[in-house]
Amino acid sequence: MPLDQFLVIAVDHPSLNGTLGVFLEELRTERGCKGRGPTRGRIPFPELIERLAAPKMMRLGVMQERRLIAVAAVDNQGAVALAVVEEFRRRGIANELVTVLTERAELLGYPPLHRFTAPHARLAG
């Protein structure tokens, strides 16, 4: 799903005060079981939510209307943390957001980006 249907924003802009907190609370309250399989009840781990909230990160987000639906954050070592609210997952939003984040990070002189993985996460493959 192309991001031209959405707005990519700097999450920490003063005009969006409180928006990140609402997004993170939505992630915290997601229901689901931590089961196996690509779509079964995947809920964000607390470590990921903490990472998205951490200070001194470059954060970009995707807005739909006036709602923050995705956030990607990168630290000074290039570790990327990313989450999308449940109802917008599996639509390509995360891939598009990573593309924009990578372009901006390169322009700002960040090291090559890599995925932040919570200690409990299992990688497919």
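Where is R90 found? In this predicted model, R90 sits in the loop between β4 and α3. Its phi is positive, about 65°, although R90 is not a glycine. R90 is also exposed, with a relative accessible area of 67%. E65 is placed in the loop between β2 and β3, and its phi is near 55°, a positive value in a residue other than glycine. E65 has a relative accessible area of 75% and is therefore exposed.

The protein has three helices and five strands. Read from the N terminus, the order of its elements is β-α-α-β-β-β-α-β. Of its 125 residues, 35% count as buried. Among contacts between residues at least 6 apart in sequence, 64% join residues at least 24 apart.

The average pLDDT of the protein is 83, and 79% of the residues score at least 70. Over residues 121-125 the pLDDT falls below 50, and this stretch has four contacts in the model beyond near neighbours in sequence. Where pLDDT is low, the predicted coordinates should not be read in detail.

What does F23 touch? Leaving aside residues up to four places away in sequence, F23 touches L52, L68, I69, A70, V71, A83 and V85.

Two packed helices are described by the angle between their axes and the distance between the axes. The axes of α1 and α2 come within 10 Å and cross at roughly 175°. Angles over 145 degrees count as roughly antiparallel, so α1 is roughly antiparallel to α2.

Is L16 buried or exposed? Its relative accessibility is 16%, so L16 counts as buried. Not counting residues up to four places away in sequence, L16 touches I9, A10, V11 and M63. The C-alpha atoms of L16 and L68 are separated by 9.6 Å, while the two residues are 52 apart along the chain.

The structure holds one aromatic pair. The ring centres of F6 and F88 are 6.3 Å apart and the ring planes stand at 85°, so the pair is edge-to-face. This pair links distant parts of the chain: F6 is in the segment before β1 (7-10), and F88 is in the loop between β4 (79-84) and α3 (93-107), 82 residues apart. F6 has a relative accessibility of 11% and so counts as buried. F88 is buried as well, with a relative accessible area of 6%. The loop that holds F88 is also where R90 is found, but R90 is exposed, whereas F88 is buried.

Q64 lies in strand β2, and it touches F6, I69 and F88, not counting residues up to four places away in sequence. Q64 counts as partly exposed because its relative accessibility is 28%. The C-alpha atoms of Q64 and L7 are separated by 6.6 Å, although these residues are 57 apart along the chain.

Definitions and conventions. Residues are numbered from 1 along each chain as its sequence is written. This is a predicted model: local features need pLDDT of at least 70, side-chain atom pairs count only at pLDDT 80 or more; totals for chains, interfaces and linings use all residues. Side-chain values use heavy atoms; hydrogens and water are left out. Rings of Phe, Tyr and Trp (its six-membered ring) pair if their centres lie within 6.5 Å; planes under 30 degrees apart count as stacked, over 60 as edge-to-face and the rest as tilted. Helices (H or I, at least four residues) and strands (E, at least two) are DSSP runs, numbered from the N terminus. Buried means under 20% relative accessible area, exposed over 50%, partly exposed in between (1.4 Å probe, protein chains only). pLDDT is the predictor's confidence in each residue, from 0 to 100. Contact means heavy atoms within 4.5 Å. Axes are lines fitted to C-alpha atoms, for helices over the stretch in contact, and angles run from 0 to 180 degrees between N-to-C directions. Angles under 35 degrees count as roughly parallel, over 145 as roughly antiparallel, 65 to 115 as roughly perpendicular and the rest as oblique.
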